[in-house]
Amino acid sequence: MTTATTSRVRTRPPASAEPAPRRRRKLRRETLYQWGFLLPAAVYLALFFGYPVVKNLVMSFQDYGTATFYTGEAPWVGFENYAKVLRSSIFSTALTNTALFTAGSIAGQFVIGLALAVFFRKRFPLSGVLRSLLLLPWLLPLIASGAVWKWILDKDSGALNQFLVALHVVPTGVPWLTSTSLALVAVVGVNIWVGIPFNVTILYGGLQDIPDELYEAAALDGATGWRAFRHVTWPMLRPVVSVVLVLGVVYTLKVLDIILALTGGGPANSSQTIATESYALSFAEFRFGEGSALGNILVLISLVFAVVYLRASRRGVED
Amino acid sequence: MKRNSLTVRAGLALAAIALPAVLTGCGNSTSASSNGDVKTLSVLDYYTNEPDKTVIGDALNQCAQKAGVTIDRQTITGASLIQKVLQQASSKTLPDVLMLDNPDLQQIASTGALAPLSDFKIPTDGFADGVLQAGTYNGKVYGLAPTVNTIALFYNKDLLAKAGVQPPTTWDELKAAAAKLTSGGQYGIAFDANATYEGSWQFLPFMWSNGGDEKNIATPQTAEALQLWTDLVKSGSASSGVLNWKQADVKDQFVAGKAAMMVNGPWQIPPLDKVQGLNYGIVQLPVKTAGQTEVAPLGGETWTVPQTGNKAKQAKAAEIVSCMNTDQTQLSLAKQRNTVPSKTTLAAQFSAENPKLAVFTNLIKSARARTGELGADWPKAATKIYTAIQTALTGKASPSDALQQAQNGQ
């Protein structure tokens with residue numbers, strides 16, 4: 001946007017070529033055009049982005065319950081919703097779970113995603129077909145794949161446990177979704193599966209941009225295999241990596257559907273994250289004020305990473 | 001750069017001016033003329049599954065015919081009903097006739113969105129106490145349920161006979177029977193200890209029958225009930241899957257022969273009857289010691305008349321609600337939907353004609369409404385109850401500690 005405007009300004013004929021009033025009129029018309037082009041985007045942003053954000057912010061300072069919908073009355077309560085949410089015994093659990101869920105998911109998605117991307121860089125028969133098949137988890141509706149995973153991970157009749165028991169890896173079914181120590185692990189596992197396509201796609205794109213000559217030159221210097229990855233691929237891929245990681249964090253922080261479909265945050269809140277707890281407060285208990293307060297805390301956490309992303313991507317452009 | 005952000009800011013300001021205009025433009029479609037000539041009534045309910053969808057639809061249409069109107073009916077899933085109602089309340093587009101699950105009624109009535117049925121002189125006599133309790137807010141009746149239900153113990157006759165076990169009537173018998181019926185891939189019992197209101201609902205008969213109370217769940221009586229559930233899971237007589245099962249999953253376990261007994265409601269009878277070779281019986285849920293009476297939780301949906309502001313339509317809507325609750329409709333709905341008429345005066349006749357539902361019919365007479373004591377605050381108590389259940393069943397705390405923590409929480 002910025003570059004387009006400046007280049008247009010620069011190519012304009014010298015100012016002295018036209019009389020002043022006409023020039024001014026033309027300038028004004030141009031400003032009007034600029035506004036005209038901006039308006040649809042601005043209206044869209046205000047309606048579908050600005051309004052919900054502002055409404056959510058206002059809501060978090062109000063006693064917003066079921067009655068509010070009919071009467072329209074939502075008394076101002078200041079920071080009470082925030083205090084309630086932060087003091088609640090679930091908050092620390094949810095915060096820890098959110099951190100573990102995000103860190104675990106990102107680590108798994110990234111490592112597997114990068115490995116697959118590097119693997120697919122080599123052309124071999126059917127590589128294109130296989131690569132597009134990898135996108136499948138992305139294309140399935142999460143509620144559907146969540147239901148299937150819930151069945152796969154079931155303690156008594158789940159496919160995974162039947163497989164493990166048949167191979168004598170475990171004596172009896174593992175309670176993947178109903179043990180307090182395993183539920184979060186299982187949910188992270190499924191989320192990794194969901195996130196791999198995103199990581200592969202972006203990282204594969206990044207790998208395509210690395211010129212082959214670099215590898216040839218490196219090979220002449222004796223750097224192949226792991227060393228080529230360490231000294232060529234990794235440094236060249238760094239800008240893409242930072243984008244993938246930061247976007248991944250922001251996407252993962254707010255994951256709701258997978259957890260709801262698999263465990264509903266249970267057992268005993270062991271897979272409850274800030275996102276699921278915020279959902280439960282708003283849409284199961286109808287305490288919208290507290291729900292939006294917790295939601296805003298999550299937005300704030302995401303915002304930190306969004307700023308990191310913006311700075312990283314700006315640095316990328318400047319490079 | 002600077003100039004750009006200025007433009008963006010100005011654009012946003014412009015949009016902000018346009019926004020209210022757009023929003024008010026959407027909000028004005030409701031003020032229907034309130035003349036006496038009512039032709040159609042809108043109805044909202046959550047009977048999306050067959051046969052309920054058709055059965056209720058037919059009953060509504062018959063009532064509409066009597067009232068000289070037609071029905072414009074919308075059915076949505078149970079999970080999204082309240083969200084939808086709240087949305088409609090804020091945009092003033094509430095339906096003329098609204099179905100609400102009985103534990104939600106008081107919460108919605110407390111918002112002022114419902115009209116008291118006494119305004120329309122709808123008779124409320126003959127109903128079971130629990131039904132009226134559930135439909136009443138601040139001394140006024142806002143909703144009536146034509147038929148109601150509760151939960152009981154379903155048992156697989158063949159599996160029990162093979163193990164030489166009688167259907168249990170006390171907690172000790174239940175534990176012994178469940179242990180005896182557990183072998184290989186088969187568990188003795190299945191129930192729903194999910195971290196939702198459904199889990200709390202399934203626990204209530206055990207808690208209430210033993211003298212527990214939702215006002216304060218940190219009592220020895222409730223702890224004993226939770227100890228029973230904990231023992232069943234710890235001993236392996238029930239799968240730890242109960243923590244994640246809904247009532248429909250529990251039914252699936254029972255149908256598949258993976259649970260010899262289950263806690264469930266009469267709405268599961270149609271799918272159970274469809275299963276070839278499944279021979280099952282229904283008894284009351286066991287109580288702690290012989291001679292205690294079971295206190296069953298009341299389930300079922302009420303019909304209400306929302307405050308739509310259109311008096312003529314509301315009067316017609318009241319006729320529908322009244323008609324849905326006549327003796328005749330109650331009996332026919334109960335029979336078709338495997339539920340129990342909510343008027344105790346019909347119980348004897350209904351029991352005689354539908355012996356399979358006799359257990360439920362008996363329980364309903366003394367059944368207790370979830371909102372009977374706490375009213376609109378019931379959801380908070382229900383959250384505490386399922387939190388304690390999950391904490392105890394996962395072994396994170398003893399039943400009494402789990403209940404104490406949940407009671408103190410928030």
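Predicted model: local features only at pLDDT ≥ 70, side-chain atom pairs only at ≥ 80, totals over all residues.
In H14(A), the buried residues are Ile274(A), Ala275(A), Thr276(A), Glu277(A), Ser278(A), Ala280(A), Leu281(A) and Ser282(A); buried means under 20% relative accessible area, exposed over 50%, and partly exposed in between, with a 1.4 Å probe and protein chains only. Helix H14 of chain A runs over residues 274-283 and is mostly covered, with eight of its ten residues buried. Helices (H or I, at least four residues) and strands (E, at least two) are DSSP runs, numbered from the N terminus.

Residues are numbered from 1 along each chain as its sequence is written, chains are lettered from A and ligands numbered from 1 in the order in which they are written, and side-chain values use heavy atoms, with hydrogens and water left out.

Chain B contains 17 helices and 13 strands. Its radius of gyration is 24 Å, close to the 22 Å that the globule rule gives for 410 residues, so chain B is as compact as a globular protein of that length; the radius is taken over C-alpha atoms, and the rule is 2.2 Å times the number of residues to the power 0.38. The C-alpha trace of chain B spans about 75 × 70 × 40 Å along its principal axes. Of the 410 residues in chain B, 53% count as buried. Among contacts in chain B with a separation of 6 or more, 75% come from residues 24 or more positions apart, a contact being heavy atoms within 4.5 Å. The accessible surface of chain B is about 16800 Å², and 51% of that belongs to carbon and sulfur atoms; these areas come from the Shrake-Rupley method with a 1.4 Å probe, and for residues only the protein chains shown count as cover.

Two loop glutamines of chain B can be looked at in turn. Gln186(B) sits in the loop between helix H7 (171-180) and strand E9 (187-190), and counts as buried at 16% relative accessibility. Its side chain reaches the backbone oxygen of Leu181(B) at 2.7 Å, a polar contact being a pair of N or O atoms within 3.5 Å; within protein, one must be able to donate a hydrogen and the other to accept it, and residues adjacent in sequence count only if both atoms are side-chain atoms. Leaving aside residues up to four places away in sequence, Gln186(B) touches Leu159(B), Leu181(B), Gly257(B), Lys258(B) and Ala260(B). Gln292(B) belongs to the loop between strand E11 (280-283) and strand E12 (301-304), and is partly exposed, with a relative accessible area of 27%. A polar atom of the Gln292(B) side chain lies 2.9 Å from the backbone nitrogen of Lys288(B). With residues up to four places away in sequence not counted, Gln292(B) touches Ser209(B), Asn210(B) and Val287(B).

In chain A, Asn81(A) is part of helix H4 (residues 80-87) and counts as buried at 5% relative accessibility. The Asn81(A) side chain reaches two backbone oxygens, that of Ser60(A) at 2.9 Å and that of Gln62(A) at 2.8 Å. Neighbours touched by Asn81(A), not counting residues up to four places away in sequence, include Met59(A), Phe61(A), Gly289(A), Glu290(A) and Ala293(A). Val58(A) lies in helix H2 (residues 20-59) and is partly exposed at 33% relative accessibility.

The backbone also deserves a look. Most residues other than glycine have a negative phi, and most peptide bonds are trans. The peptide bond from Gly266(A) to Pro267(A) is cis, with omega near -10°, and Pro267(A) is in the loop between helix H13 (257-262) and H14. Ala268(A), in the loop between H13 and H14, has a positive phi of about 50° although it is not a glycine, and is buried, with a relative accessible area of 9%. Leu126(A) has phi near 70° and is exposed, with a relative accessible area of 60%; its loop connects helix H5 (89-121) and helix H6 (127-133). In chain B, the bond from Glu50(B) to Pro51(B) is cis, with omega near 5°, and Pro51(B) lies in the loop between strand E1 (40-45) and helix H2 (52-67).
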